[in-house]
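Here is a friendly briefing to read with the model open beside you. Please keep the sequence at hand as you go through the points.

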Amino acid sequence: MEARAGAGPRRAGGVLGAAGPSSANRATRTPAAPWARFSAWLECVCVVTFDLELGQALELVYPSDFQLTDKEKSSICYLSFPDSHSGCLGDTQFSFRMRQCGGQRSPWHADDRPYNGGAPVALQREPAHYLGYVYFRQVKDSSVRRGYFQKSLVLVSRLPFVRLFQSLLSLIAPEYFDKLAPCLEAVCNEIDQWPAPVPGQTLNLPVMGVVIQVHIPSRVDKLESKPPKPCDQENLLPAPVVLSSVHELDLFRCFQPVLTHVQMLWELMLLGEPLVVLAPSPDVSSEMVLALTSCLQPLKFCCDFRPYFTIHDSEFKELTTRTQAPPNVVLGVTNPFFIKTLQHWPHVLRIGEPKMSGDLPKQVKLKKPSRLKTVDTKPGLYTSYTAHLHRDKALLKRLLKGVQKKRPWDMQSALLRRHLLELTQSFIIPLEHYMASLMPLQKSITPWKTPPQIRPFHQEDFLQSLEHAGPQLTCILKGDWLGLYRRFFKSPHFDGWYRQRHKEMAQRLEALHLEAICEANIETWMQDKSEVEVVDLVLKLREKLVRAQSHQLPVKEVTLQRAQLYIETVMGSLPKDLQAVLCPP
């Protein structure tokens, strides 16, 4: 199943959209090309096959002129196949994440800002990585020299919609493996008719005679997950397949072997600690990594993560070097070789094949990293980390009771997700309150002066505020909350959260300043002003208007109209020659 040592992935011949020369030599698609709607969802579709002489080979890329560098093609080839240790027979679905390797992005790409502006931060488009969603088939086939049919269909996207794309693959892939290229071309043309994903909207997406109905999450949605409301179902034949979420995994199933350590793993994720997940197969590794990185929502996971990673990856040396501290990465692997290579990493989660122990799968045990020495290391969470918060025994009892009463797994997942959400919110709310107190008062924002600055964040002031406004107000868990906050301040997640909140507050401040200007009497202000001051106002108002219209400032439409009117009023007071300079034909 794996490529021979030293045999890198090559291009194999293909009919439809065969992987051609690298992006440097490829013709550029014209802006009028028909892939704008397709590219709102997917970057491209790839087919990877196993060639006896070449190893993993990129058989097909569609659209055929999508620009992938040679390094990206190589990564897709290796990441689309389980390694030889997994022994995946039949059909397997998993996902990966890989770094974009420079190069110009395809010219028919739309601007990400309208979608990102309305989407929750955790579901925004990836700016520098590709997400690969894989459907791999390995079955016995006597007509093939090696005795096995081995092929992967891969959807490459920048959207983290794992549930949607896995559902899409389960429809497309079996049909494609039977009918090949014509089927894939038809599917891509159907996707090119889909409406773009707009946060807050419920969409009907037709493909292969089925209508998938999805709700695109918005940052103003309630955080409790609910299925989308039916939308125009009476006009749809056949009735749509309603997905309860585009991105949420079955959290209870993913976390089954580590339920007793979920809170410690939540802390490790919150602090951005380096963690290796060693699993028996890429589907288990990728689901565990995605489940771990999702347990901080609504916080954005600001560290790197690789749901499935192989020794052939171009970043292997960079991520496994011993010459510096391990990077802030959650790494999903299946090759036991990584145990030896990553012995110096502080946290290793080894999970085996699911084994039942009473009503629950056998729980992995906490073990010291010093016991992590041999390739056949037993399952366990190998770490010296001591959790800051006490374990929530009531949650474990409720989950176990749910198993005993045969409660549906989606309800168990909802219970677990709600617990993690409330834990994250209890931790973040004091930070949000303190941050809000740094915002200048609205009465201090006057129209004709530069707005006051946001006050600096003082960590010790914040920690002192916890005595009266800390997480104990919303969370029953006891423990060293202060110590957890101190370590959080040193993590990439604090930096990511603070930058995002500061940016939003600065935009809010600018919007309030624009509103103050638009509510002032501009004729009175102009009476004793020189031409230089008036021209300066025109230029500043124009700049603010451009920023507001490009969705960078949270202002009402009526404010934008009034600002435009003010610009026209001020312009009208200037001499004709100045008007001509400021407003050329």
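This is a predicted model: local features need pLDDT of at least 70, side-chain atom pairs count only at pLDDT 80 or more; totals for chains, interfaces and linings use all residues.

**Helix 17 with helix 18**

- On the helix 17 side, the contact is made by Val-534, Leu-537, Val-538, Leu-541, Arg-542, Leu-545, Ala-548 and Gln-549.
- Helix 18 answers with Leu-560, Ala-563, Gln-564, Tyr-566, Ile-567, Val-570 and Met-571.
- Sorted by class, the residues of this contact are 12 nonpolar, 2 polar and 1 charged.

**Helix 13 with helix 14**

- Helix 13 (residues 459-469) packs with helix 14 (residues 481-488) at an angle of about 155°, and the axes are 11 Å apart.
- Helix 13 and helix 14 are therefore roughly antiparallel to each other.
- Here the crossing is right-handed.
- Glu-460, Phe-462, Leu-463 and Leu-466 of helix 13 make the contact with Leu-482, Tyr-485 and Arg-486 of helix 14.
- This contact has 5 nonpolar and 2 charged residues, with no polar ones.

**Helix 12 with helix 15**

- Helix 12 (409-436) packs with helix 15 (residues 492-519) at an angle of about 40°, with axes 12 Å apart.
- Helix 12 passes helix 15 in a right-handed crossing.
- From helix 12, the contact uses Ile-428, Leu-431, Glu-432 and Met-435.
- Helix 15 brings Trp-497, Tyr-498, Arg-501, His-502 and Met-505 to the contact.
- The classes in this contact are 6 nonpolar, 1 polar and 2 charged.

**The largest cavity**

- The largest cavity holds about 80 Å³ of space.
- Its lining consists of Leu-259, Thr-260, Val-262, Gln-263, Arg-391, Asp-392, Leu-395, Leu-396, Leu-399, Leu-416 and His-419.
- Helix 7 (262-270), helix 11 (393-404) and helix 12 (409-436) are the elements that give two or more residues to this lining.
- Which helix gives the most to the lining of the largest cavity? That is helix 11, with 3 residues.
- By class, the lining has 6 nonpolar, 3 polar and 2 charged residues.

**Backbone details in the loops**

- Pro-63 sits in the loop between strand 3 (55-62) and helix 2 (70-79).
- Another cis peptide bond runs from Gln-297 to Pro-298, with omega near 15°.
- To find Pro-298, look in the loop between helix 8 (282-294) and strand 11 (304-306).
- Met-208 is not a glycine, yet it has a positive phi of about 50°.
- Met-208 belongs to the loop between strand 7 (202-207) and strand 8 (210-215).

Conventions:
Residues are numbered from 1 along each chain as its sequence is written. Side-chain values use heavy atoms; hydrogens and water are left out. Axes are lines fitted to C-alpha atoms, for helices over the stretch in contact, and angles run from 0 to 180 degrees between N-to-C directions. Helices (H or I, at least four residues) and strands (E, at least two) are DSSP runs, numbered from the N terminus. Angles under 35 degrees count as roughly parallel, over 145 as roughly antiparallel, 65 to 115 as roughly perpendicular and the rest as oblique. A crossing is left-handed if the near helix is turned anticlockwise from the far one by less than a right angle, and right-handed if clockwise. Contact means heavy atoms within 4.5 Å. Ala, Val, Leu, Ile, Met, Phe, Trp, Tyr, Cys and Pro count as nonpolar, Asp, Glu, Lys and Arg as charged, and the others, Gly among them, as polar. On a 1 Å grid over the protein atoms alone, a cavity is a set of points where a 1.4 Å probe fits but cannot get out, and a pocket is an open set with protein on both sides within 12 Å along at least five of seven lines; lining residues have an atom within 4 Å of a point. Grid points are joined across faces, edges and corners, and a volume is the space filled by probe spheres set on the points.
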